[in-house]
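Work through the exercises below with the model in view. Try each task before reading its solution.

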Amino acid sequence: MTTPERHLTEPGQRTFPDATAAEWSDWRWQMRHSVRTLAQLEQLLELTPEERAGCVETAEIFRMGISPYYFSLIDREHPFCPVRMQAIPTKAEARVRPGELLDPLGEDKTRPVPAIVHKYPDRVLFLALDTCSVYCRHCTRRRITKGGEAELNKEELRRGIEYVRAHPEVRDVLISGGDPFLLSEQRLEELLAPLREIPHVEMIRIGTRVPVCLPMRVTDALARTLRKHAPLFVVTHFNHPKEITPEAREACERLVDHGVPVENQAVLMRRVNSDARIIKELSHALLRMRVRPYYLHQMDVAQGLEHLRTPISKGVEILEQLRGHTTGLAVPHLAVDLPGGGGKVTLQPEYVVEHASEGTVFRNFKGERYVYPEPEETDCTCPYDSVWMSQRPRTPSR
Ligand code: SF4
């Protein structure tokens, strides 16, 4: 009798000792064995009273689901483990404060068909499904991911694509949900191919947490499917350097090696990653695996998430400790998505000290003052512009 193969990773082996290596690296096995109930959780780790109450009190509010892989990253000895805080509910999540919103970004006001949110002039959000590999405790789109909307049926998908086709101003489609990487390659193809055929769709982006929570899903077949529809950008969601494991790195590098650029949007969360040293380490680790730190988001004003919100000043303070102190590629944009649908605004530390007669006075990252003298000529019109505008191709070539 042969001994079954064991896990590739020690933490996985410790948490799910009966799984074989082949099962562990099979994303569908991972999904089938997600930790979904309080009873399952309690068999795997000792919960704090806050967590136990959180599981009970949020049961009707937002589902729980943790892939075995992501679960294996949890520090079972420490309730402030950043993976644990993102995966296991606490009592605070059940508390809704005045002013908190179910739809914090006002997306439902601009949803002309169920699959489309059209808030900005030249881009749309395409909601492809309502399931995820892990239900993040900080999810601000939980009105969709809590279940009930289900995978986009063929008719809704068709209406979404028709909407994009009928709106020539849409040059960028961001596919999200839920997590689009949980679709099979065939279902993804059914979505991507018709979008790619629309002449005015210049680029496609896919928002996914799969490289973080279910990296074994990023197979060569998936990467090839995405590459066919370039220019296509993957926007992933690492929040802490603890999430950057050899498996996550392999997933991101597989995408990049296939010619699919990957960018990261992190969310600033109080006591999870609200520290400049952590964000800097995260940025450096992302760049080492060829992922560009793109946004650092201020937490939205969403129901049950006040305990994770940081003061606005904390994000600015973190940015101040990055800008100039490390490579500019490692400094994400700090963004606030305004409550109620106002859209994104970005923040940065104030470097202009004054506008003086000799020029604009700045302070640099060390606090030293420098004057930037203004030029004598200030006419900034571009004389060739009208020529270029008449000559440029009507439909940009890919
Ligand atoms: S993966 Fe994204 S959509 Fe899904 S629960 Fe997490 S934050 Fe929400």
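**Exercise 1. The ligand shell**

By class, how many nonpolar, polar and charged residues does the shell around the ligand have?

Solution. Keep in mind that this is a predicted model. Start with the residues that surround the ligand: Cys 132, Tyr 135, Cys 136, Cys 139, Arg 141, Thr 145, Gly 178, Asp 179 and Arg 209. Next, sort them. Cys and Tyr count as nonpolar, Asp and Arg as charged, and Gly as polar. The shell comes to four nonpolar, two polar and three charged residues.

**Exercise 2. Helix H12**

Solution. Helix H12 covers residues 220–227. Its buried residues are Leu 222, Thr 225 and Leu 226. Viewed down the axis of H12, they fall within an arc of 95 degrees, so they line one face of the helix. Last, look for the packing partners. The buried residues of H12 pack against helix H10 (185–197) and strand E5 (232–236).

**Exercise 3. Gly 341**

Where is Gly 341 found, and is Gly 341 buried, exposed or partly exposed?

Solution. First, locate the residue. Gly 341 sits in the loop between strand E8 (333–338) and strand E9 (343–347). Second, take the neighbour count. Gly 341 has 17 C-beta neighbours inside 10 Å. A residue needs 20 or more to be buried, and 12 or fewer to be exposed. Gly 341 therefore counts as partly exposed. Third, list its contacts. Beyond its neighbours within four places in sequence, Gly 341 touches Leu 105, Gly 106, Lys 109, Thr 110 and Lys 119. Finally, check a distance. Ser 313 is 28 residues from Gly 341 along the chain, and their C-alpha atoms are separated by 22 Å.

**Exercise 4. The whole protein**

What radius of gyration does the protein have, and what would a compact globule have?

Solution. Begin with the chain of 398 residues: a compact globule would have a radius of gyration near 21 Å. The protein has 23 Å, which agrees. Its C-alpha trace spans about 85 × 50 × 45 Å along the principal axes. The protein has 16 helices and twelve strands. The domain assignment gives domain 1 (10–94), domain 2 (108–347) and domain 3 (350–392). The C-alpha centres of domain 2 and domain 3 are 33 Å apart. Of the 398 residues, 38% count as buried.

Key:
Residues are numbered from 1 along each chain as its sequence is written. This is a predicted model: local features need pLDDT of at least 70, side-chain atom pairs count only at pLDDT 80 or more; totals for chains, interfaces and linings use all residues. A residue is near a molecule or strand if its C-beta atom, placed from the backbone, lies within 6 Å of it. Helices (H or I, at least four residues) and strands (E, at least two) are DSSP runs, numbered from the N terminus. Two residues are in contact if their C-beta atoms, placed from the backbone, lie within 7 Å. Domain bounds come from an automatic or database domain assignment. The arc is that of the directions from the helix axis to the C-beta atoms. The radius of gyration is taken over C-alpha atoms; the globule rule is 2.2 Å times the number of residues to the power 0.38.
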